[in-house]
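Have a look at the picture first, then read on.

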Amino acid sequence: MQFADFCGNEALKEALSAAFSRRGLPHTLVLEGESGLGKRTLARILARASVCRSGPDEAPCEHCPSCVRSAAGSHPDVRVITGSGASGQISAESVDRVIADASRKPEEADGRVYVFHAADGLSDAAQNRLLKLIEEPPPGARFFFCVPSAEVLLPTVRSRAQIFTLRAPTLEQAARYVAAKTGMEEAEAARLAALHGGNIGRMLGEGGEGRTARAAALAAAMAEALVSGTEHDLLKAAAPMLRDRPLALETAGRLKLLFRDACVLKDGAKAEVRSKDGPVLRLARTATEKQLVMLLDTAEKAEAAAGRNANTALLTTWLCARLRAAAGL
Ligand SMILES: [Zn+2]
């Protein structure tokens, strides 16, 4: 089996590959691990491999019609089930559709494949309804459940599944991977890797390649506007965040780091600071310790609000006003 550029998790990949080659991949797999470690990416690779027309060693080959359609989300035998709403609950209707769908013969592949993104959105009742299906799965059918921890699934479901735990790659692997993917400087990628413990999803800001670098630039411009600009400069610097929640989330996170660095610098500590140039240094020079703490607090609140799906335009305006107030402007 092929894992393309899926980073790290060597033992896991070996185990899956060995099982796949002897056609012994379990019909129900639970992929557990914290957000950002690649559960969905891995589940999609497994789904493509399950329908790929090439041999088990090459699958997913990424170029046969089955791989191409599966990658495009249009393979008739591959279903991805996602939750809806803020809670991410997977609806009873979605579960009913899976149950009805699974009883039909596959259209092209040897069996139908169901990927439950965020299967923690399955209620106990929904899991109980699925139980019969995974107890006696139709021939060739496969079920992949992505969860933060297998503990969120009922013991009856867990006992019928094989559980695989995803781990972060080493910091070096993660840094190299992200630097290659984004064109980011290696030192910056290494710093991000250390900050996020090698969690690539978090380093990239949830699938937004290049967003991290963009957010860093935005945060620096906003800090610069706080030091030497006008209210308009700050709003202008923050404008790209207005309609882009992931970017707003990441930028608030970068602002937080920036203010924290300025606090450390102000404190005179010899601790490692990302950058002693530019906005960090100027902030440390011009703002009081109390102001820096308030700026840090504001960035933390903005990051939390962005993570809670707050209205991004309102949040951005609020952030700018609060940052100016915190900086005593
Ligand atoms: Zn293929």
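## The zinc site

Before we start, here's a rule you'll need: four donors count as tetrahedral if all angles lie between 85 and 135 degrees. Keep in mind that this is a predicted model.

Now find the zinc ion. Its protein donors are the SG atoms of C52, C61, C64 and C67, sitting 2.3 to 2.4 Å away from the metal. The angles between these four donor atoms run from 104 to 117°, so the arrangement is tetrahedral. For reference, the ideal angle for four tetrahedral donors is 109.5 degrees.

## How the chain reaches the zinc

If you walk along the chain, the zinc donors turn up with the spacing C-x8-C-x2-C-x2-C. Both C52 and C64 belong to the loop between α2 (39-51) and α3 (65-71), so this pair ties together parts that are twelve residues apart in sequence.

Are these two cysteines buried or exposed? C52 has a relative accessible area of 11%, so C52 is buried. C64 is buried too, with a value of 8%.

## A pocket to explore

Next up is the second largest pocket, with a volume of about 420 Å³. Its lining is made of 24 residues, and R23, A49, S50, D110 and R142 are the ones nearest the centre. Which helix gives the most to this lining? That's α2, with three residues. Sorted by class, the lining has eleven nonpolar, eight polar and five charged residues.

N9 isn't a glycine, yet its phi is positive, at about 50°. You'll find N9 in the segment before α1 (10-21), and with 11% relative accessibility N9 counts as buried.

A118 is another non-glycine residue with a positive phi, this one near 45°. A118 lies in the loop between β3 (113-116) and α5 (124-135). At 25% relative accessibility, A118 counts as partly exposed.

## Zooming out

Step back and you'll see the chain divided into domain 1 (10-165) and domain 2 (205-326). Taken over C-alpha atoms, their centres are 39 Å apart.

One last stop is helix α7 (residues 171-182), where R176 is found. R176 is exposed, with a relative accessible area of 55%. From R176 to A193 you'd count 17 residues in sequence, and their C-alpha atoms are 9.3 Å apart in space.

Methods. Residues numbered from 1 in each chain as written. Predicted model: local features only at pLDDT ≥ 70, side-chain atom pairs only at ≥ 80, totals over all residues. Heavy atoms only, no water. Donors = N, O, S within 2.8 Å, 3.2 Å for Na, K, Ca; no water. Tetrahedral: all angles 85-135°; square planar, octahedral: opposite > 155°, others 65-115°. Helix = DSSP H or I, 4+ residues; strand = E, 2+ residues; numbered from the N terminus. Buried < 20%, exposed > 50% of the residue type's maximum accessible area, 1.4 Å probe, protein only. 1 Å grid on protein atoms, 1.4 Å probe; cavity = no way out; pocket = protein on both sides within 12 Å on 5 of 7 lines; lining within 4 Å. Points joined across faces, edges and corners; volume = space filled by probe spheres on them. Nonpolar A, V, L, I, M, F, W, Y, C, P; charged D, E, K, R; others polar. Domains from an automatic or database assignment.
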